[in-house]
Amino acid sequence: MNSFNQITRIASLLLAIGFFYACSSSKPTVDELVAANSYDQALEQLNAEIEKTPDAPSLHFRKGQLLGEWAKSINNDSSSVLYDGALDAFSQSTEQDPSDDMKQKVETVVDELWQHEYQEGTKAYEEKQLTSSIRHFEHAKQLLPTRIEPYQSQSVAHFENKETNKAIDVLETAITTCDEIPAGLYQNLGYLYIDLQSPVRALYYYELANIDVAKNKNLAFGLINAFINTERTEEASEWLSKLLANYPEDDQILNVYGTQLYGLTMETLDDLIAAYRQDNQDLVTQIRFEAEALGEQAEQHLTRAFARDTANARYIESLAVFYNNTAGKYLSVSEVAFESDKPGFEERAMQLLNFAILYYEKLQREQPENDLLKEKVDALKLLQSNRSN
């Protein structure tokens with residue numbers, strides 16, 4: 001009897017030991033693997049379960065959660081692949097279970113992932129980690145492509161990273177993708193196209209933003225500078241005229257407008273030279289009238305700007321350059337002009353030369369250490385003396 005009891009106790013002990021080892025060697029759960037950051041093993045185990053039960057929406061939902069958590073944890077280019085997998089798994093779960101409850105669960109998780117990526121992108125931007133910031137905003141766009149915020153933020157990050165074309169591409173993609181487009185986005189595109197020296201495209205977006213550029217001095221100057229930098233003098237002058245109508249006493253606008261009209265004057269005088277060489281009297285009469293009118297307007301605007309700030313060296317120099325170069329151009333015209341027209345051009349050239357000397361001397365008084373100005377004044381006086389003899 002004692003022997004039987006002893007055998008029974010030993011058998012019970014062996015069973016207990018076997019149970020202990022069975023428990024200690026059992027596979028960890030998906031949640032345990034995720035907690036240990038063993039995402040690949042967790043995914044392998046979950047895929048095996050889905051293979052056994054492919055029509056279980058809860059398994060697909062859990063797979064989406066797992067892939068989203070994995071993507072968050074690594075934050076590199078591979079995150080995009082994982083997020084794609086997560087979105088696909090969530091889609092499978094709602095296809096198999098189209099209930100509002102499942103849809104709400106999916107929306108909640110995706111929104112949490114979006115919040116994470118957007119907040120991390122903002123934090124990285126504030127820390128000047130632009131590449132990381134751009135990547136986080138890209139992931140946010142991937143998760144919820146119709147939400148506008150990451151497009152705007154990513155565009156700013158690209159611009160800060162000196163990638164203006166990419167900044168534009170992001171915003172133009174938003175226009176065709178997002179549900180609601182704020183007017184500020186169009187204004188930002190206008191600004192970016194100004195940065196690219198594309199004023200016509202900038203105007204298109206400013207109009208979409210319902211902005212009257214002519215009533216916004218800073219925007220208008222950006223647009224005008226873009227026209228000037230791309231040698232579109234006529235468009236620059238047209239916009240300066242609009243701007244001046246709203247700010248008639250602004251000396252900076254007067255000076256810039258006068259400078260642009262001066263450029264048009266020089267171009268028109270070149271056309272006049274060509275007309276004389278063609279011996280075309282009608283064309284000469286037309287172009288000469290245009291050149292004189294443009295020259296008078298340029299002079300008026302430049303002198304009005306100077307009158308409002310007589311100590312401004314830039315305004316003095318603008319007048320000096322205008323008178324000097326226009327005098328030279330009139331002398332060039334006189335060389336090819338009809339004999340009856342030559343005296344008028346030469347007389348006008350000398351008038352302009354006198355004013356050139358006057359303003360270069362003013363500039364010289366402002367900058368007495370500038371030897372080049374002294375040489376310029378001396379050369380102009382010598383020319384004046386030679387033409388008078």
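**Helix α10 and its setting in the predicted model**

In helix α10, the residues Leu185, Tyr186, Leu189, Gly190, Leu192, Tyr193 and Ile194 are buried, where buried means under 20% relative accessible area, exposed means over 50%, and partly exposed lies in between (1.4 Å probe, protein chains only). The model is a predicted one, in which local features need pLDDT of at least 70 and side-chain atom pairs count only at pLDDT 80 or more, while totals for chains, interfaces and linings use all residues. Residues are numbered from 1 along each chain as its sequence is written, and side-chain values use heavy atoms, with hydrogens and water left out.

The cover over the buried residues of α10 includes α8 (149-160), α9 (164-177), α11 (199-208) and α12 (217-229). Helix α10 itself comprises 13 residues (183-195), and at 1.5 Å a residue it should span 18 Å, which agrees with the 19 Å that separates its end C-alpha atoms; the expected span is 1.5 Å times one less than the number of residues. After α10 comes Gln197, which has a positive phi, near 60°.

In the protein as a whole, the secondary structure comes to 18 helices and zero strands, helices (H or I, at least four residues) and strands (E, at least two) being DSSP runs numbered from the N terminus. The C-alpha trace spans about 150 × 45 × 35 Å along its principal axes. The radius of gyration, taken over C-alpha atoms, is 38 Å, whereas a compact globule of 389 residues would have a value near 21 Å, by the rule of 2.2 Å times the number of residues to the power 0.38. Of the 389 residues, 40% count as buried. Among contacts (heavy atoms within 4.5 Å) between residues at least 6 apart in sequence, 58% join residues at least 24 apart.

Ser79, in helix α5 (residues 78-96), is buried, with a relative accessible area of 0%, and, leaving aside neighbours within four places in sequence, Ser79 is in contact with Ala71, Ile74 and His139. Arg288, by contrast, belongs to helix α15 (residues 281-308) and is partly exposed, its relative accessible area being 22%. When residues up to four places away in sequence are not counted, Arg288 touches Leu272, Tyr276, Asp341 and Phe345. From Arg288 to Leu372 the separation is 84 residues in sequence and 34 Å in space, C-alpha to C-alpha.
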